[in-house]
Amino acid sequence: MSDKVWLVNEELVKEARSFIQEAVSISNEKLAIIYHGDGDGCCSAYFASRFLKRLGAEQISYRWVSTADFDFKCLENPMLKDKPNLAIFLDLPIYTRADFLRTLRRKSKIFIYDHHQPGKFAGSNLPDRAKFLYINPVIHQDGSTPATTFAWQLNGENDLLCKEVLFMGLYTESWATGAPFFQDMSQEHKNKLKEVARAIHSSFLMQNMNKVHYALNFLFSLDRPIIEIEDLGQNRGYQILKNIYKLVQNEKEWLLYLIMQDMKKMPQPRYVLKRIDSRFRLCGIIASELRWRYPELVVGIWQKWRNLYYCELRKGKDCPINLVELIEEIKKEARLKTGGGHPEAAAFTANEYHFKKAVEKIKEIMKDYMRKRRELKEKNGGSEQ
Ligand SMILES: [Mn+2]
């Protein structure tokens, strides 16, 4: 039914294992794990850390990089100063930063596992294979196997707690359903893990918190499987995650209410394009909620994200517009910093000037589309209500 590649090729995992092992065994020096700020990135960092600790690593530093703009600049200077013996990048398209990698490589061994579309790859400019290993299943095998799966294989342990973390990482990537690893897990067990996974994911929706690791610390605090803990609420780390989760949910509900109040003023909306202001990255979940309320429209929700504007696009089930194509149209008129996604869900970032141009373009396209649709309905004798 699915063409998902559930496991990373064992040869690639072996190569990664010996690359990392060698770097750790040379000396007991500084190691760094840099992970994508989401459920998959965090769970993969957990497994990579377990693996390093088993190899005897003592000094591991952690950082995460958030989705909206993959702002690698904020980690480049500290890392070049820190000079870790080995830097492990998980679930991050860091290969777009060729200059940084070239400089870092002088002092550090670099390992990258990423499963995003490779895009511009700097690897060909990095001749020293002994110091650089990049694995991306999109390139090296046919599929986009999540980072959690890779790191779980790398770590090689398969106790119940590991299986639970694997489930949570895959759940946040929509890879848990149908995966061949969880057949013996009860539905109740899975539901419990989903709740924890949502709390883990929420902790990465805050701005400028890249050195705080609430979710990872919570995972490290677990000394037995989650299912065996009678009252998870007693766990301090989980209390923090849950509080953040509630904060995010409350803010989402409130912003959604404001948008709905605004939309009521428009009896026949042709699009839903709204700005929100929040310290949390909420465009995605708010746009996703609105798509159900406006099945015929394109929904775009944006917010200021550090120096950029960040917009999430969703479309209702009865809207035939392809969002990837929409973004391609926008690109003809506005210079986007990032932009892409799937036909039903896409996102882009741009500076203020180009962002405004982009939003105007979306309005234009939507007005045009809705006008044509109305004309077609009239021709067919139907009427717009
Ligand atoms: Mn990710």
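Student: What makes residues of domain 1 and domain 2 count as being in contact?

Tutor: In this predicted model, 6 residues of domain 1 are in contact with 11 residues of domain 2. They are called so because their C-beta atoms, placed from the backbone, lie within 7 Å.

Student: How are the residues on the side of domain 1 that touches domain 2 divided?

Tutor: That side holds 3 nonpolar, 1 polar and 2 charged residues.

Student: Where do the two domains lie in the chain, and how far apart are their C-alpha centres?

Tutor: The domain assignment gives residues 10-241 to domain 1 and residues 267-379 to domain 2. Their C-alpha centres are 31 Å apart.

Student: How do you know what span to expect of helix H13?

Tutor: The expected span is 1.5 Å times one less than the number of residues. Helix H13, residues 352-379, has 28 residues, and its expected span is 40 Å. From first C-alpha to last, H13 reaches 41 Å, close to that value.

Student: Why are some residues of H13 called buried?

Tutor: His354, Phe355, Ala358, Val359, Ile362 and Met366 are buried, which means that 20 or more other C-beta atoms lie within 10 Å of the C-beta of each. What covers them includes strand S7 (298-305), strand S8 (308-315) and helix H12 (323-331).

Student: Which residues of helix H8 are buried, and what covers them?

Tutor: In H8, the buried residues are Leu193, Val196, Ala197, Ala199, Ile200, His201 and Ser202. Their cover includes helix H2 (39-54), helix H7 (160-172), helix H9 (214-221) and helix H10 (236-264).

How values were computed:
Residues numbered from 1 in each chain as written. Predicted model: local features only at pLDDT ≥ 70, side-chain atom pairs only at ≥ 80, totals over all residues. Domains from an automatic or database assignment. Contact = placed C-beta atoms within 7 Å. Nonpolar A, V, L, I, M, F, W, Y, C, P; charged D, E, K, R; others polar. Helix = DSSP H or I, 4+ residues; strand = E, 2+ residues; numbered from the N terminus. Buried ≥ 20, exposed ≤ 12 C-beta atoms within 10 Å, placed from the backbone.
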